[in-house]
Amino acid sequence: MDSLRGQGGIQMLLTAEQEAGRIVSAARTAKLARMKQAKDEAEKEMEEYRSRLEEDYQKQVSGTDQEAAAKRLEEETDGRIQNLKGSGSKVSKEIVKMLIKYVTTTAGA
C-alpha cells in the first residue's frame with residue numbers, strides 16, 4: 001500500500017513538474033511577445049522622431065536659403081538704385097546745361 005501511495009505521489013510530482021514547465025514556457029513566450037511589441041513600438045517612435053527632426057531641419061535650411069536669397073536680392077537692388085541715382089545726377093547736370101543753352105538760344109533769337 002505504501003508503494004502504491006509512493007507511486008501515486010511520484011506520478012503527481014511528475015505531472016506537477018510538467019504543468020510547471022508548460023506554465024514557464026507560456027510565460028516566456030508571452031514575455032518575448034511583449035518585448036518584441038515594445039521594440040517595434042520604440043522603433044516606430046524613433047522613426048517618427050527622426051522624420052520630425054529631419055522635416056524641421058529641412059524647413060530651417062530652406063528658410064535660411066530664402067532669407068539669404070532675399071538679403072542678396074535686396075543688396076543688389078540697393079546697389080542698382082545707387083548706381084542709377086549716380087548716373088541720373090551726372091546726366092541731370094548735362095540736361096540742365098543743354099536746356100539752359102536751348103532756352104537762352106531760343107529766347108535770344
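These are my notebook entries on one predicted protein model.

**Ground rules**

I number residues from 1 along the chain as its sequence is written.

**Overall form**

I looked up the secondary structure first. Helices (H or I, at least four residues) and strands (E, at least two) are DSSP runs, numbered from the N terminus. I then looked up the spans of the C-alpha trace along its principal axes, which are about 160 × 15 × 5 Å.

**Surface**

How many of the 109 residues count as buried? I found 1%. Buried means under 20% relative accessible area, exposed over 50%, and partly exposed in between (1.4 Å probe, protein chains only). The accessible surface of the chain is about 10200 Å², and 60% of this belongs to carbon and sulfur atoms. These areas come from the Shrake-Rupley method with a 1.4 Å probe; for residues, only the protein chains shown count as cover.

**Charges**

I listed 19 positive and 19 negative side chains in the chain. Lys and Arg count as positive, Asp and Glu as negative; His and the chain ends are not counted. The centres of the two sets lie 6 Å apart, with each charge placed at NZ of Lys, CZ of Arg, CG of Asp or CD of Glu.

**Salt bridges**

The structure holds five salt bridges. The criterion is a side-chain nitrogen of Lys or Arg within 4 Å of a carboxyl oxygen of Asp or Glu.

- Aspartate 40 bridges to lysine 36, with the closest N and O atoms 3.2 Å apart. The two are separated by about one helical turn because they are four residues apart in helix 1 (residues 2-108). Aspartate 40 is partly exposed at 36% relative accessibility, whereas lysine 36 is exposed at 53%.
- Arginine 50 and glutamate 47 form a salt bridge at 3.3 Å, N to O. They are three residues apart in helix 1, so about one helical turn separates them. Arginine 50 is partly exposed at 48%, and glutamate 47 is partly exposed at 44%.
- Lysine 59 meets glutamate 55 in a salt bridge at 3.5 Å, N to O. Both lie in helix 1, four residues apart, about one turn of the helix. Lysine 59 is exposed at 52%, while glutamate 55 is partly exposed at 45%.

**Domains and one glycine**

The chain is divided into domain 1 (1-64) and domain 2 (66-108). Such bounds come from an automatic or database domain assignment. I recorded 80 Å between the centres of domain 1 and domain 2, taken over C-alpha atoms.

Where does glycine 86 lie? I found glycine 86 in helix 1, partly exposed at 25% relative accessibility. Glycine 86 and glutamate 41 are 45 residues apart in sequence, and their C-alpha atoms are 67 Å apart in space.

How values were computed. Predicted model: local features only at pLDDT ≥ 70, side-chain atom pairs only at ≥ 80, totals over all residues. Heavy atoms only, no water.
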